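Morning, everyone. One structure today, and I'll start with its charged pairs. Here it is.

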Amino acid sequence: MPSLIVKLYSVIFKYQQKHLLQSLIETPESTKPNPFGITSRTNESIAASNPSFSDGVATKDIHVDPFSSLSLRIFLPDTAVTSSLSSTYQVPNYGGYSPAAGKSHRKLPVMLQFHGGGFVSGSNESVGNDAFCRRIAKLCDVIVVAVGYRLAPETKYPGAFEDGFKVLNWLAKQANLAVCGRLGAQSHIFDSFGASMVEPWLAAHGDTSRCVLLGVSSGANIADYVAREAVEAGKRLDPLKVVAQILMFPFFIGSTPTHSEIKLASSYFYDKTMCMLAWKLFLPKEEFNLDHPAANPLIAGRQPPLKCMPPTLTVVAEHDFMRDRAIAYSEELRKVNVDAPLLDYKDGVHEFATLDVLLQTPQAQVCAEDVSIWVKKYISLRGHEFSY
């Protein structure tokens, strides 16, 4: 059974989250469409970005879409600049890291991360998500790009899903712009505001040919959608390649209840009542259906075929209401010979490895280490580690 402290945190979390969900449902303003959208709630504790390798990871926030609130937080581990083969890096007046132009730089895989929160809360800049992404960046030795997608109900489905794929396309564009920069054309590339569109950390250190998707809870649903879209896009994303995805406690559901959805209807942190409220806030009223493609990964006719999906690691917890459907999806992937292992944690609860109040538990640390061990076989070095 979960510890007493976990049970206590669960009671507090469920009270606060249910209050938020009910208030959103009852507030008339929240039902109005807002294409620009919001990416965090006022009650969310936000961690400031720090571009100077605090705790071994430098972070910066960028806004990538002038037509919406879509934003990114980039996590760059100091291994990108502390290798004996890397050039001494510059620290300009603003106090943050800036890659030296025309020098060699260590290239790292890029991991696109989608936070949890039932599509209606959470943030890529939250204290918990910031700490989790720092941990993953260091353990996996990757650049983590945490996506601040638009939240519901201000932006309904498919807004968050479209944001995810938009960022993947943006990463592919960044890879091509970086090549142009190395060919001397960078100074002639501008966005609509007259500023260079090249993101310097990614241009210097990002290797998008080794791109991994990682989603937590509702973020796992977004990651799985983005993976499917990447398969459909194929070579149009070159040189970006999605080599693997990690689905942690996916927010799957369906019209026919599974064993866990019956047995754990009142489970810790996220239970049946909260899940139903979240889906009602996320899906447009006319599309509300627990077998909606965004909710149920195993409905008939969902494309592309499962055999085309990238290697997929699924993380579930013993006391998670949503565990059985995630397990079933993992099993279906294995049936068509996709590398799709399952990590099932005894006594675990929904999001035990990513919630800020549980991040320092031994189980959360072990889970992150397990994830890093698996993903490293898909992001191991391909070709040269350094670019010039």
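Glu-199 and Lys-60 form a salt bridge, with the closest N and O atoms 2.6 Å apart. A salt bridge here is a side-chain nitrogen of Lys or Arg within 4 Å of a carboxyl oxygen of Asp or Glu. This pair links distant parts of the chain, 139 residues apart. Glu-199 sits in the loop between α4 (159-182) and α5 (200-205), and Lys-60 in strand β1. Helices (H or I, at least four residues) and strands (E, at least two) are DSSP runs, numbered from the N terminus.

Caveats, quickly. This is a predicted model, so local features need pLDDT of at least 70 and side-chain atom pairs pLDDT 80 or more, while totals for chains, interfaces and linings use all residues. Residues are numbered from 1 along each chain as its sequence is written, and side-chain values use heavy atoms, with hydrogens and water left out.

Back to the pair. Glu-199 counts as buried, at 6% relative accessibility. Lys-60 is buried too, at 15%. Buried means under 20% relative accessible area, exposed over 50%, partly exposed in between (1.4 Å probe, protein chains only).

The salt-bridge count comes to 20. Next, Asp-224 and Arg-228, at 3.1 Å, N to O. They are four residues apart in helix α6 (residues 218-233), so about one helical turn separates them. Asp-224 is buried at 0%. Arg-228 is buried at 4%.

Then Glu-261 and Arg-325, with closest N and O atoms 2.9 Å apart. Glu-261 lies in α7 (residues 259-263) and Arg-325 in α9 (residues 323-335), so the bridge ties together parts 64 residues apart in sequence. There is also a network: salt bridges with shared partners join Asp-61, Arg-73, Asp-130 and Arg-134.

Last, the whole chain. It has ten helices and ten strands. Of its 388 residues, 57% are buried. Among contacts between residues at least 6 apart in sequence, 79% join residues at least 24 apart.

Note on methods
Contact means heavy atoms within 4.5 Å.
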